[in-house]
Amino acid sequence: MVSKGAGTLPNDHGQIWNEYDISAYTSRVTTTEHPERAVIDWILRETGTEVWFSEPLGILSANSNTLYVYHTKEMHGLIGDVVDRFLVDCVDGREAESYAFSLRLVTIA
């Protein structure tokens, strides 16, 4: 059974809605079709996925210009740090690009 709910987002844990402008980063990245995904991926690495699929209710979404976040003040602090890391090169006038790395570890006994 599905209900329409109360029509407002629950904020029993003090959740707040913030929108982060990430366009300075995404407009400069030309090597990938969806550069906002890199921002989302780093947020998930820093925060873990559990905080987005359990209590308190959280929302994380992005388009090419804006990162949308609904979570606690503490979580916004972590997210703000991640966003700042993506934007620092843009503010300094350096070219922003996406970077990825892989690591393979082999043990021989």
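User: In this predicted model, how much of the accessible surface of the protein chain belongs to carbon and sulfur atoms?

Analyst: The model is a predicted one. The accessible surface of the protein chain comes to about 7,900 Å². The part of this surface that belongs to carbon and sulfur atoms is 54%.

User: What percentage of the residues in the protein chain is buried?

Analyst: A residue counts as buried when its relative accessible area is under 20%. The protein chain has 109 residues, and the buried share of them is 29%.

User: In what order do the elements of the protein chain run from the N terminus on?

Analyst: The protein chain contains three helices and three strands. Read from the N terminus on, their order is β-α-α-β-β-α.

User: Which element gives the most residues to the largest nonpolar core?

Analyst: The largest nonpolar core has 17 residues, and Y25, V39, I43, L67, I79 and V83 touch the most other members. At least two residues of this core come from each of α2 (36-47), β3 (66-71) and α3 (73-91). With six residues, the element that gives the most is α3.

User: Is T66 buried or exposed?

Analyst: T66 has its place in strand β3. Not counting residues up to four places away in sequence, T66 touches E19, Y20, I22 and S61. Its relative accessible area is 16%, and the limit for a buried residue is under 20%, so T66 is buried.

User: Why is the pair of W17 and Y68 described as tilted?

Analyst: The structure holds three aromatic pairs. In one of them, the ring centres of W17 and Y68 are 6.1 Å apart. Planes under 30 degrees apart would count as stacked and planes over 60 as edge-to-face. The planes of W17 and Y68 are at 35°, so this pair is tilted.

User: How many residues apart in the chain are W17 and Y68?

Analyst: W17 belongs to strand β1 (residues 16-21) and Y68 to strand β3, so that the pair links distant parts of the chain. W17 is partly exposed at 40% relative accessibility, and Y68 is also partly exposed, at 22%. The separation of W17 and Y68 is 51 residues.

User: What are the distance between the ring centres and the angle of the planes for W17 and Y70?

Analyst: W17 in strand β1 and Y70 in strand β3 are 53 residues apart. Y70 counts as buried, at 6% relative accessibility. Ring pairs link W17, Y68 and Y70 into a cluster. For the tilted pair of W17 and Y70, the values are 6.4 Å and 40°.

User: Over the ring of which residue does the charged end of R45 sit?

Analyst: The charged end of R45 is 4.8 Å from the centre of a ring. That ring belongs to W42.

How values were computed. Residues numbered from 1 in each chain as written. Predicted model: local features only at pLDDT ≥ 70, side-chain atom pairs only at ≥ 80, totals over all residues. Heavy atoms only, no water. Core = buried A, V, L, I, M, F, W, Y, C linked by side-chain atoms within 4.5 Å. Buried < 20%, exposed > 50% of the residue type's maximum accessible area, 1.4 Å probe, protein only. Helix = DSSP H or I, 4+ residues; strand = E, 2+ residues; numbered from the N terminus. Phe/Tyr/Trp six-rings, centres within 6.5 Å; stacked < 30°, edge-to-face > 60°. Lys NZ or Arg CZ within 6 Å of the ring centre and 35° of its normal. Areas by Shrake-Rupley, 256 points an atom, 1.4 Å probe, with all protein chains shown as cover. Contact = heavy atoms within 4.5 Å.
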